[in-house]
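Here are my notes on the model, point by point. Please keep the structure open while reading.

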Amino acid sequence: MSHRLPILWSIAGHDSSGGAGLSADQRAADALGVHLCPVIAAVTAQNSQGVQAVVPVDAGTLEAQLAALALDLPPRAIKTGLLGSVAAIKAVARWVDHLRAATPPGEDPHRQLALVIDPVLGASAGGATFADPSVLSAYRKLLIPRATVITPNRLEAARLLAWPQASHGLDQGQLPEMARQLQQLGARGVVITGGDAVSVGEPASPTAQAIDWLLTPHATGWLTAPRIDTRHTHGTGCTFATGIAAALALGHVEADAVVLAKMLTHHALSQGHAAGQGAGPVIAGQGFAAGPHHGGAPLPWLGLDEQLPWALQGTRFAPFTAPADGLYGIVDSADRIKDGVASGLRLLQLRRKSKAADLAQQLATSLDACASAQATLFINDHWREALALSASTDASLGLHLGQEDLLALSPQDQALLLSARHRISLGLSSHSLWELARAAGCGASLIACGPVLPTTTKDMPWQPQGHNNLRWWVAHSPAPVVAIGGLLNEDDVGQAASCGPAAVCVVRGLGSTLTQTQAALPVLQQAVSSGRAGHQPAGPVQLPHPVL
């Protein structure tokens with residue numbers, strides 16, 4: 001039996017110029033591999049220079065389209081664009097409630113049916129307005145409270161919130177508060193896009209960024225990507241919102257869906273073309289996530305809290321160089337560090353979760369052992385102690401943090417960490433696309449991808465990355481990637497190494513004594529060597545699978 005694609009309904013306008021609306025939605029859905037059902041809510045008379053007329057379809061025609069689809073093509077997600085009338089908004093709300101009523105007890109209705117709202121309230125070209133006060137009121141009362149994600153630009157957000165400022169009077173610093181207020185109206189996730197911050201056709205500097213504010217249950221912060229200097233931007237908002245909806249239909253959570261949609265939109269802008277005298281359409285296509293070396297979009301960067309990504313200011317922690325054997329040993333004591341060094345390991349991590357009375361001695365002994373063999377030591381979690389050691393040694397030293405620990409740092413703690421960036425390497429864990437984007441935005445020296453395989457070392461909510469996602473991490477990360485989690489024997493290590501990471505982390509596979517480590521290490525080194533020999537870096541990678 002052939003595989004059935006997830007179903008996405010797009011309830012939006014038909015753009016006679018083929019640039020935005022359902023035409024852009026179709027291209028975006030095809031790029032992500034979902035089946036789009038295009039539901040016409042309004043018909044426009046428009047070309048590349050502007051909109052001449054908008055005619056909402058009558059309520060009966062819209063209802064008939066939705067009822068027919070519900071009988072045979074029930075959706076995993078619904079995306080709305082230009083609705084054009086209060087009647088259309090009421091119909092969408094009614095169908096969302098109907099479809100979510102099938103949610104099993106205890107399950108999340110947004111996972112049963114995601115709703116992504118692109119509040120098309122006016123035309124970017126020509127300035128036509130599509131929403132009167134009654135339509136705006138209906139959005140606030142009926143759609144926003146049901147939204148999984150809403151994707152206004154800053155002007156649309158201001159209109160939805162009845163803020164008096166015009167778009168040119170809104171500065172970037174107001175976007176987080178706008179998003180919080182939209183969330184208070186009931187939206188679960190909000191992305192306020194920054195594409196309208198620069199006028200169409202206005203030249204962008206080489207370092208200019210397209211900056212969006214992300215507010216979702218899993219991640220919050222500025223999401224940035226290099227701005228494409230093009231006048232061909234017609235359909236950008238449609239592409240972005242449909243990208244989110246399609247990724248949600250594939251099973252990704254909101255924050256990861258937004259990362260994929262940001263990449264899709266960047267790529268679509270790079271493929272835009274002239275089709276008339278005005279702004280041409282953006283063209284979403286497959287291969288947007290194949291990796292920058294294969295014509296795909298770059299990974300966006302996510303900042304911490306309300307800070308722009310550190311890497312935008314050129315912040316990079318001390319570079320990381322992987323050992324020749326590609327092995328990264330993780331142990332829990334200084335004695336085991338000494339065993340690893342004596343056995344031939346040249347990259348080790350001391351992972352001690354508790355701050356026992358002998359912590360300082362454990363760290364100092366571990367560093368001495370590594371320094372004597374010119375091995376690199378990473379210290380897990382204990383960042384203050386790691387920074388203190390880095391100030392008094394020339395040995396190769398790194399700090400590894402989980403992202404929950406990173407987010408727990410106060411502004412003063414972050415400043416202290418950044419002050420040591422030239423003398424210490426920073427490793428960050430990542431389990432999802434948004435965590436990968438945040439690690440990249442922090443200028444990490446290395447990024448851990450995991451768990452690659454199921455693990456019992458710690459209780460995690462994450463699904464295993466598998467080899468496909470590990471390859472995706474390697475293709476998109478701006479920093480070296482290390483594979484971690486569930487890699488217990490030489491077969492696991494060799495298969496992980498074949499995906500191209502800089503190193504493969506081994507915990508239990510090293511044994512618990514010097515003798516066991518000495519016996520295990522040659523076998524593991526050979527597994528890495530064999531895996532690397534089988535690595536095929538030439539081809540593009542597939543879309544990552546969901547991890548939550």
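1. Is Lys-262 buried or exposed? Lys-262 is buried, at a relative accessible area of 7%. Buried means under 20% relative accessible area, exposed means over 50%, and partly exposed lies in between, with a 1.4 Å probe and protein chains only. Lys-262 is found in helix H9. Helices are DSSP runs of H or I with at least four residues, strands are runs of E with at least two, and both are numbered from the N terminus.

2. A word on the source. This is a predicted model, in which local features need pLDDT of at least 70 and side-chain atom pairs count only at pLDDT 80 or more, while totals for chains, interfaces and linings use all residues. Residues are numbered from 1 along each chain as its sequence is written, and side-chain values use heavy atoms, with hydrogens and water left out.

3. What does Lys-262 touch? Leaving out residues up to four places away in sequence, the list is Ala-210, Ile-211, Asp-212, Leu-223, Thr-224, Ala-225, Phe-240 and Pro-300. Contact means heavy atoms within 4.5 Å. Ser-134 is 128 residues from Lys-262 along the chain, and their C-alpha atoms are separated by 31 Å.

4. Leu-299 sits in the loop between helix H9 (254-270) and strand S10 (301-302). Leu-299 is buried, at 7% relative accessibility. Met-263 is 36 residues away in sequence, yet the C-alpha to C-alpha distance is 6.6 Å. Beyond neighbours within four places in sequence, Leu-299 contacts Val-259, Met-263, Leu-436, Ala-437, Ala-440, Trp-472, His-476 and Pro-478.

5. Now the ring pairs. The whole structure holds seven aromatic pairs. Rings of Phe, Tyr and Trp (its six-membered ring) pair if their centres lie within 6.5 Å; planes under 30 degrees apart are stacked, over 60 edge-to-face, and the rest tilted. Trp-213 and Trp-222 pair edge-to-face, at 4.8 Å centre to centre and 70 degrees between the planes. Trp-213 is buried at 2%, and Trp-222 is buried at 4%.

6. Trp-472 and Trp-473 also pair edge-to-face, at 6.2 Å centre to centre with 65 degrees between the planes. Trp-472 is buried, with a relative accessible area of 0%. Trp-473 is buried, with a relative accessible area of 0%. Elsewhere, ring pairs join Phe-320, Tyr-328 and Phe-378 into a cluster.

7. How do H3 and H5 meet? The axes of helix H3 (residues 86-100) and helix H5 (residues 133-143) come within 9 Å and cross at roughly 10 degrees. The two helices are therefore roughly parallel. Axes are lines fitted to C-alpha atoms, for helices over the stretch in contact, and angles run from 0 to 180 degrees between N-to-C directions. Roughly parallel means under 35 degrees, roughly antiparallel over 145, roughly perpendicular 65 to 115, and oblique the rest.

8. On the H3 side, the contact uses Val-86, Ile-89, Lys-90, Val-92 and Ala-93. On the H5 side, it uses Ser-134, Val-135, Ala-138, Tyr-139, Leu-142 and Leu-143. By class, there are nine nonpolar, one polar and one charged residues. Nonpolar covers Ala, Val, Leu, Ile, Met, Phe, Trp, Tyr, Cys and Pro; charged covers Asp, Glu, Lys and Arg; the others, Gly among them, are polar.

9. Which residues of helix H14 (residues 411-419) are buried? They are Asp-413, Gln-414, Leu-417 and Leu-418. Seen down the axis of H14, these fall within an arc of 135 degrees, so they line one face of the helix. The arc is that of the directions from the helix axis to the C-beta atoms. The cover over them includes helix H12 (383-390), strand S14 (397-401) and helix H13 (403-408).

10. Please check the backbone at three places. A cis peptide bond joins Gly-450 and Pro-451, with omega about -10 degrees. Pro-451 lies in the loop between strand S16 (446-449) and helix H16 (466-476). Ala-162 is not a glycine, but its phi is positive, near 60 degrees. Ala-162 is exposed, at 55%. Asp-305, also not a glycine, has a positive phi of about 55 degrees. Asp-305 is partly exposed, at 38%.
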